[in-house]
Amino acid sequence: MSSRRVAMKAVDWIAFGERVPPNQRAMFNALKTRSDALTSKLTSLPEKPPAIDWSYYRKTIVKAGMVDEFEKKYNAIKVPEPIDTQGEKINAQEQEAVSNFYLVLIKCAEESNGLF
């Protein structure tokens with residue numbers, strides 16, 4: 001996979017499955033199957049689409065200039081890549097949550113007077 005593709009985070013399906021209640025196991029299995037199918041499809045795609053054989057279309061299409069116009073418009077298209085605007089905020093919130101968890105854990109340990 002290319003670095004230009006959207007980064008995919010790996011899902012720990014075993015840990016995820018352990019948290020799924022028995023009555024929702026079928027929905028979980030359907031989600032995993034769908035996710036696996038989409039992941040497989042995405043990884044099978046080439047990094048860049050195959051090149052268009054414009055000369056073939058120039059020979060085949062009768063209307064003069066039509067292929068040249070399509071080629072010009074096709075080459076002018078620029079699809080912007082998404083920009084991560086929330087990553088730093090999410091990382092800061094995650095770090096704060098971890099810090100708060102440890103502070104609460106330390107406080108509980110101090111209050112328990114060694115009962116743990």
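This is a predicted model: local features need pLDDT of at least 70, side-chain atom pairs count only at pLDDT 80 or more; totals for chains, interfaces and linings use all residues.
1. Helix α4 gives the most to it, with three residues. Two elements, α3 (54–60) and α4 (66–76), each give two or more residues.

2. Look at I52 next. I52 counts as partly exposed because its relative accessibility is 34%, between the 20% and 50% cut-offs.

3. Now the charges. Side chains of opposite charge can pair when their charged atoms come close. The count here is four salt bridges.

4. One of them is within helix α2. K32 meets D36 there, at 2.8 Å from N to O. The two residues are four apart, about one turn of the helix. K32 is partly exposed at 27% relative accessible area. D36 is partly exposed too, at 36%.

5. Another lies within helix α4. K73 pairs with E69, and their closest N and O atoms are 3.1 Å apart. Again the spacing is four residues, about one turn of the helix. E69 is partly exposed, with 43% relative accessibility.

6. Which residue forms a salt bridge with R58 at 2.1 Å? The partner is E71. R58 is in helix α3 and E71 in helix α4, so the pair ties together parts 13 residues apart in sequence. R58 counts as partly exposed, at 37% relative accessibility.

7. Finally, a network. Salt bridges with shared partners join R58, D68 and E71 into one.

Terms used
Residues are numbered from 1 along each chain as its sequence is written. Side-chain values use heavy atoms; hydrogens and water are left out. Buried means under 20% relative accessible area, exposed over 50%, partly exposed in between (1.4 Å probe, protein chains only). A salt bridge is a side-chain nitrogen of Lys or Arg within 4 Å of a carboxyl oxygen of Asp or Glu.
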